[in-house]
Amino acid sequence: LDRVIPDTGADATVLPWEDCRRLKLAPDLGIPSLISGVAGASAASLAFQVWARIDDQNYPCRLQADFSGEDRILGRDVLNRLDILFRGPSGEIVVNP
């Protein structure tokens, strides 16, 4: 899953449920939880402890399954472990510059 939105405002990483299924995450191994957006609305979710692999490095990741969305969000749970350069004008993101 190489197309994600790095979101420094997101507490956890979020993937659509279909991606979680492709990763073979079993629903009975997830922890029931809630996810909420900026507006405060919340939705049921399952949380998983997984590893995110970025540039041949593994990082602990708290993954939330999103049953109704389609965005792949890389949250602070992983981003805070990386050195990242956000180049806004060019839309470029450089990991470990």
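Modeller: A salt bridge here is a side-chain nitrogen of Lys or Arg within 4 Å of a carboxyl oxygen of Asp or Glu. Asp-19, Arg-22 and Arg-72 are linked in a network of such bridges, and the structure holds six salt bridges. Bear in mind that this is a predicted model, where local features need pLDDT of at least 70, side-chain atom pairs count only at pLDDT 80 or more, and totals for chains, interfaces and linings use all residues. Numbering runs from 1 along each chain as its sequence is written, and side-chain values use heavy atoms, with hydrogens and water left out.

Colleague: What makes Arg-53 and Asp-56 a salt bridge?

Modeller: Their closest N and O atoms are 3.8 Å apart, which is within 4 Å, so the pair qualifies. Both residues are exposed (over 50% relative accessible area; buried is under 20%, partly exposed in between, with a 1.4 Å probe and protein chains only).

Colleague: How are Glu-18 and Arg-21 placed in helix α1?

Modeller: They sit three residues apart in α1 (residues 17-22), so about one helical turn separates them. A helix is a DSSP run of H or I with at least four residues.

Colleague: And how do you know that Arg-87 and Glu-92 form a salt bridge?

Modeller: N to O is 3.1 Å, so that is within 4 Å too. Arg-87 is partly exposed at 39%, as is Glu-92 at 36%.

Note on methods:
Helix = DSSP H or I, 4+ residues; strand = E, 2+ residues; numbered from the N terminus.
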